[in-house]
Amino acid sequence: PVSPGVLTPRTGSKTLCKATSPRKVSMVFRKLPGVSASGMGLRLSQKFVFLLFLSGLVTLCFGALFFLPDSVRLKRIFLSKTETQPVTVGSGSENDAREAHPKRAKEQERPRAVASAKGETSTKLKSLSRPPAGSHEATAARAPEDRTLPRSRTEFKGCLLKPPLGSDSGKPGDPATTERREKVKEMMKFAWDNYKLYAWGKNELRPLTRNGHVGNMFGGLRGASIIDSLDTLYIMGLMDEYNDAKEWVKSSLDLNSNGEASLFEVNIRYVGGLLSAYYLTGEELFKNKALELGEKLLPAFNTPTGIPRGVINLGSGTSWSWGWASAGSSILAEFGTLHLEFIHLTELSSNPIYTEKVMNIRKVLNKIEKPHGLYPNFLSPVSGNWVQHHVSIGGLGDSFYEYLIKSYLMSDKTDDDAKMMYYSALEAIEANLVQKSPSGLTYMAEWRGGILDHKMGHLACFSGGMIGIGADDGAPDKRQHYLDLAAEITHTCHESYTPTKLGPEAFRFDAGAEATATRLSDRYYILRPEVIESYMYMWRLTHDPKYREWGWEAVEALEEHCRVESGFSGIRDVYTMTVGHDNMQQSFFLSETLKYLYLLFSDDDLLPLEDWVFNTEAHPLPVVRKSCLQDEATQDKTLAE
Ligand code: DMJ
């Protein structure tokens, strides 16, 4: 029963509920004509119970949605947009991605080559929203019209032809090679453990004095050996070590440094190392760090020509040229070795600025006249003219040529400009620099204003591998010739590895010398990778067993002459069997020398060359398959809807 007072709220002083406004109460409880007070009370209580039941039912149904199997569609209908889970973007394992997108996981099983060969349509992504204002992606420049969201690693992974680590992490078929590969892995662990013990967080290990070295190449950045090792540890399956490295990046990699950095070194080691780590592992942390660092390099390009200067203060953004570079010039191998990383910075951020910067370098180089078709090593960032006519495939020039052919390969063979520049540079090199020694060794001399210096640096030995990987895309009548040239140069470099079976910094072909260092100052070996790098590529291209044998010789020599109690050290004289050590375990020993050796003794399906291009510090970057990436992004979008 309802008290009469309740029935006459308008007139009485009693109210049903304090929170209910008098007007609403009056509408509900006003006495209906022809209905007794008690009868009306009964009906009202029935109505009340019915309403209560109804609202309970609605609540139950709504709640049940949360217990249904995960359904993006239902959640998007009933929940606000911000609560929708993003489609796996670069995080988690392959399994996570498969669970999130069973449909796409199936798609991935069919070879991508088939998809692109069929010319399957790509849908443009105009409808996707731009990154939030103020976010990293939104800064500095507009996103390209057809690409408005940052790329995810999932997209790249979906566009690979093969799994990155192969079917069994590249384990070779025969036990002898497996044993060799295990030996290289042990060397990596030994080098890493000692770095961790004595130099953790510093740039390099000093293995004799058992301490760390910071140096002045990285503008106050630390942990070069850690960043350079991430991908090597990962592909070798040294997971505890990899996890320690990742934790260090998370907790201690401070990019807010304020020192003078080499634009080139920071780019190839730090940006390259972080990008590779991201693509291999999917850890967003690495991507974010790479993008943050990439942005700090941009002020170096603020010159009249857009050719960057060699040194940059990472804090203030001021940049200048190396004191030793003639007339304030920039170095070909430095400003010409940014392309691969910068293309990926644009891919991952959707910020075209990085691509614009490196494309502008190309434009300047294409405009300027080249002596005999050659690219001299020094260029003024102010006038855009060559400063000196010194040409070399070794130091100061080397990786510029490497990045031309690799840009072409990384673009899924669409970057015709890079292709054209590479093959015409190679033609000029062959016409002007390639020589044969009296004993028949092929080498690349250096060129000083038209005069040849019959010297080849250890650095120039990368060119065997470079010419090898470019052979197939040369003119049809030149393909075999390029492969032969690559093999000849690799052979010459192997000849220089004697008697310690390690090679000097530079060797000569004059005054009776045949691939030997004639100056005391050229006799050192600092754990460089270039000769082994060429063995690795030539093995992959020819499967001639001699390359694995030569690689093994190098392993034994490293063990004999460079391994010391607490790490690996460079040596001062490759011609003395009782070697003196330089007390430095270079970070590139971990990123390049040991990685190339490991790959040499692995199956070709570990980081297959169809899918991966190694930057000049041996950090693998995936081939950018534009049309496939657009299909992938479209699928992501469809699945998310
Ligand atoms: C590495 O840092 C890179 O390979 C670079 O291109 C040249 N030299 C060293 C290793 O020798």
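Student: Where is the place of Thr 616?

Tutor: Good starting point, and keep in mind that this is a predicted model. The UniProt record, an unreviewed entry, puts the feature "binding site" at Thr 616. Thr 616 falls in the loop between strand E18 (612-614) and strand E19 (620-622).

Student: Does Thr 616 count as buried or exposed?

Tutor: Let's apply the cut-off: buried means under 20% relative accessible area. The relative accessibility of Thr 616 is 13%, so this residue counts as buried.

Student: Which side chain is joined to that of Thr 616 by a polar contact of 2.9 Å?

Tutor: Leaving aside residues up to four places away in sequence, Thr 616 touches several residues, including Phe 264, Tyr 403, Glu 592 and Glu 402. The polar contact of 2.9 Å runs from the side chain of Thr 616 to that of Glu 402.

Student: In which helix is Glu 265?

Tutor: Happy to show you. The unreviewed UniProt entry gives the feature "active site" at four positions, Glu 265, Asp 398, Glu 505 and Glu 530. Glu 265 is buried, at 13% relative accessible area, and touches Met 217, Phe 218 and Tyr 270, not counting residues up to four places away in sequence. Its place is in helix H12 (residues 263-281).

Student: What is the relative accessible area of Glu 530?

Tutor: Glu 530 is found in helix H21 (residues 530-542). Beyond four places away in sequence, Glu 530 touches His 458, Leu 459, Cys 461 and Phe 462. Since buried means under 20%, Glu 530 counts as buried, with a relative accessible area of 8%.

Note on methods
Residues numbered from 1 in each chain as written. Predicted model: local features only at pLDDT ≥ 70, side-chain atom pairs only at ≥ 80, totals over all residues. Heavy atoms only, no water. UniProt positions renumbered as here; feature names shortened; annotations may be inferred. Helix = DSSP H or I, 4+ residues; strand = E, 2+ residues; numbered from the N terminus. Buried < 20%, exposed > 50% of the residue type's maximum accessible area, 1.4 Å probe, protein only. Contact = heavy atoms within 4.5 Å. Polar contact = N/O pair within 3.5 Å; in protein donor to acceptor, adjacent residues only side chain to side chain.
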